[in-house]
Amino acid sequence: MELNTGAVEQRRKRIILVVFISFMGLLLLFTLFSNTLQSLTLPKVTTEQPKMGDIQLVIEGSGILQPIAEAKLSGSTERKTQQILVKEGDRVKKGQKLVTYDSQSTKQEIELEVTNLDKQKIEQQNLQDQFIQSSLEEDELKLRSAQREIEKGKLDIAAQERKINEMREQLTKDQVLIAPFDGIITKLNAVEGLASAGEPDIIVSNSGQGYKFEVNADAKRLSRLGISIGERIKVEVDTDQERQANSMDGIIEEIINAEPLIEGASDEGAGMVTLPQKILRIKLLDAELKGGEQARVKIEKSSLDQGLLVSNEAIHQDREDTYVFVVEEQPGALGNVFVVRKVKIESSEKNDKETMIQTDIIYAEDKIILKSSEPLQDGDRIRLE
């Protein structure tokens, strides 16, 4: 009887143990299953690791080519244009005649002054006769008076001769416009039969001095790329024929300060950022240029400084900060879990693909979230793709 009772007790304990183990197994199974289900509902994210290096940056802009040196030539406003010997776009040589003017009225004025000079010379002869007469009469007073009149007449004759010479020189000068140097006629305002009307009759650009255009650029970016005066760059220039672009060599001749660029706006002025600007003055020397062409420049270089490079799609911004989401691995009851950590960053430069960030919180081994199946908040649990 006692043996039967012991066997029953043993059997009962085994059943209890089996039931307990089964219960715990089911509990563990349900826990694992529920965690699995929960993890499947977590946002799924795609990540990348930042890389250390420089960033490819671009400075580009366009402008109209202007002559570095030019001469604005005009005739007298009193003379009508007689003949125009050139047209816009013509290349001219130094000393070449460009425009002639009607000088008939000036010639008539000179002839009148020559007649007056002849009269003065005749009058001078009369004074000399008076001097001789006073000498014969031995009238000392008349003699001195005649002598003074003779000296005065000599001065008047000399002044009249200078006036005529100056008029003749001015006639020669005003009768024709001459090219002051080898160049190109960039503007022609003169009209045959009409006098000058305030605007220069002709503008000649000095082709030997070259042409220039200006491009605005961010001052900090220029510094990071190490762009300096004297640097040679490629410039695309649209030619007059069918607006085809030709690649030409240009040189950065000058870098000057420009008005800063203001970004952002609010009534109180909060959030506004001032970006220092520079102007690049680029010079071109090419025999085909005439001025007025459209010129474009695109400078692509690697930055001198380095930093962590992150894809642009990983960068987020709100009203206050620029930030990225970093994956943080934390220990959990059933294993490690992945949590979102919001990290504020400062970007130094960006291109169309990457942003260079400067921070002591993010490291090259960190995982940066690129995409997420759902919107994320700081501290959210996630699952990695």
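Student: In this predicted model, what makes helix α1 and strand β12 stand apart in confidence?

Tutor: Confidence in the protein chain is lowest in helix α1 (residues 2–41), with a mean of 62, and highest in strand β12 (residues 211–218), with 94. pLDDT runs from 0 to 100. Local features need a pLDDT of at least 70. The mean of the protein chain is 83, and 88% of its residues reach 70 or more.

Student: What makes a residue of the protein chain count as buried, and what share does so?

Tutor: Buried means under 20% relative accessible area. Of the 385 residues, 32% count as buried.

Student: How do you know which elements line the largest pocket?

Tutor: A lining residue has an atom within 4 Å of a pocket point. By that criterion, α4 (219–225), β14 (245–263), β15 (273–284) and β21 (347–350) each supply at least two residues. The largest share, four residues, comes from β21.

Student: What is the volume of the largest pocket, and which residues are closest to its centre?

Tutor: The volume is about 860 Å³. Of the 25 lining residues, Glu-263, Leu-275, Ser-347, Ser-348 and Lys-350 are the closest to the centre.

Note on methods:
Residues numbered from 1 in each chain as written. Predicted model: local features only at pLDDT ≥ 70, side-chain atom pairs only at ≥ 80, totals over all residues. Heavy atoms only, no water. 1 Å grid on protein atoms, 1.4 Å probe; cavity = no way out; pocket = protein on both sides within 12 Å on 5 of 7 lines; lining within 4 Å. Points joined across faces, edges and corners; volume = space filled by probe spheres on them. Buried < 20%, exposed > 50% of the residue type's maximum accessible area, 1.4 Å probe, protein only. pLDDT = per-residue confidence, 0-100.
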